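Please look over the structure below and read the briefing that follows.

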Amino acid sequence: MARLTIYPDNHADSTAVSNLFIDEYMKDANDAQLKVYLYLLRMMNARLATSVSDIADKFNHTEKDVLRALKYWEKQRLLSLDYDEARNLVGIHIHDLSQENRKAGSPQALSSFVPVPSAGAEPAGAAPVAEPAEAPVAELSGRERFPQQDSPSSAPRESSPYEKPSYSADQLKEFKSRQETTQLLFIVESYIGKPLTPSEIKTILYFTDVLHFSDDLIDYLIQYCVDRGKKDFKYIERVAVNWAEAGITTPKQAQKNASRYDKNIYTIMNGLGKSNSPTAKEMEFITRWLKDYGFPMDVIIEACERTVLATDKHRFEYAESILNSWKRQNVHHKSDIQGVDDMYQQRRKNTASPGSRQPGNRFHQFAQNNYDFAALEQELVSN
């Protein structure tokens, strides 16, 4: 009988992950870095386009977290980032992780992947998979075509000042041999309640080497996180980076910042009718509202109050819909909200049919809601 060829109906229904990635790279990557890399593989295999903002929204990370993850994988030489002359990210190379290419010292591009530009830029089409004999090329709608190759002529790549290096065994050994390190690791292990793994010790090295935290500040950082029931080093690392970005260099500054931040968290949770401590996902929403959106507390509380009046479930997602809408409409202060409400009511008035008129009985003699909360909730549930 003739030999049979077996093939699937849909090649994009699954995503292959290199064993080399699992064996050598996965153990040192944090949550955001793993999600971003695996999602890029999935989108590349399906020949779909995405953007930094889309990835951030999908995993409830900030865009800064996504960019930091991309630059981490670039430093690990698992991918390359391409920029245009205006330093906009226009393409991502996913490198081939086969042993032959890694041993050759110059990882080859497995395929090209084109991100959709952020708001204000034109959308990109899906990236074609490059033929083996050709250099991958990303094509963007309404723009020039930029060749995507690993070459000295590529645009300079921007590096994050807080990017975590990949420390070698020798660097780890040298760090552990320091006299002051022994005491610091003992203190950290006392808080955590277990011996530290090599990966966790590398994180402590990162705090001193890159973030330039003093031993006292690291001591306070670990205590702060453990007091809140957080012993996971990925969480501790995120707090440390946030402190570094805020310019915190002493335990006193960290305590003052934490006190103010904890008060805001309590106020927001209370505003949404929550009495428990926030979950990790809820903390991501709160961090986005306070830091990424930069809203003052009175604006956030206004959104919380409208949410509570409208729904008993999905309250964080509901408040996010309102605040995201206000962010897009350039709301900066609570006084700006009235103008947004007026515009909304005017649009409803203009789109209402000429013959539609509500009865003038007492059941309609009240101020109507400014948002179609039912539609918002339906949209959230469908997502």
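The buried residues of helix α3 are covered by elements that include α2, α4 (63-75), β2 (89-95) and α12 (280-292); here cover is judged by contact, meaning heavy atoms within 4.5 Å. This is a predicted model, in which local features need pLDDT of at least 70 and side-chain atom pairs count only at pLDDT 80 or more, while totals for chains, interfaces and linings use all residues. Residues are numbered from 1 along each chain as its sequence is written, and side-chain values use heavy atoms, with hydrogens and water left out.

**Helix α3**
- Helix α3 spans residues 52-59, and its buried residues are Val52, Ser53, Ile55, Ala56 and Phe59 (buried means under 20% relative accessible area, exposed over 50%, partly exposed in between, with a 1.4 Å probe and protein chains only).
- These buried residues fall within an arc of 160° seen down the axis of α3, so they line one face of the helix; the arc is that of the directions from the helix axis to the C-beta atoms.
- An α-helix has 3.6 residues a turn, so residues three or four places apart point the same way.
- Asp57 and Lys58 are exposed, on the face of α3 turned away from its buried side.
- After α3 comes Asn60, with a positive phi near 55°.

**Thr203**
- Thr203 belongs to helix α8 (residues 198-209).
- With a relative accessible area of 3%, Thr203 is buried.
- Thr203 is in contact with Lys164, Phe233 and Glu237, leaving aside its neighbours within four places in sequence.

**Met26**
- Met26 sits in the loop between α1 (19-25) and α2 (31-45).
- The relative accessible area of Met26 is 35%, so Met26 is partly exposed.

**The whole chain**
- The protein chain contains 16 helices and 5 strands; helices (H or I, at least four residues) and strands (E, at least two) are DSSP runs, numbered from the N terminus.
- Of the 383 residues in the protein chain, 40% are buried.
- Among contacts in the protein chain with a separation of 6 or more, 61% are between residues 24 or more positions apart.

**Confidence**
- The protein chain has a mean pLDDT of 76, and 72% of its residues reach 70 or more; pLDDT is the predictor's confidence in each residue, from 0 to 100.
- Over residues 103-157 pLDDT stays under 50, and the model has 124 contacts beyond four places in sequence for them.
- The pLDDT is also below 50 over residues 362-368, a stretch with 5 contacts in the model beyond near neighbours in sequence.
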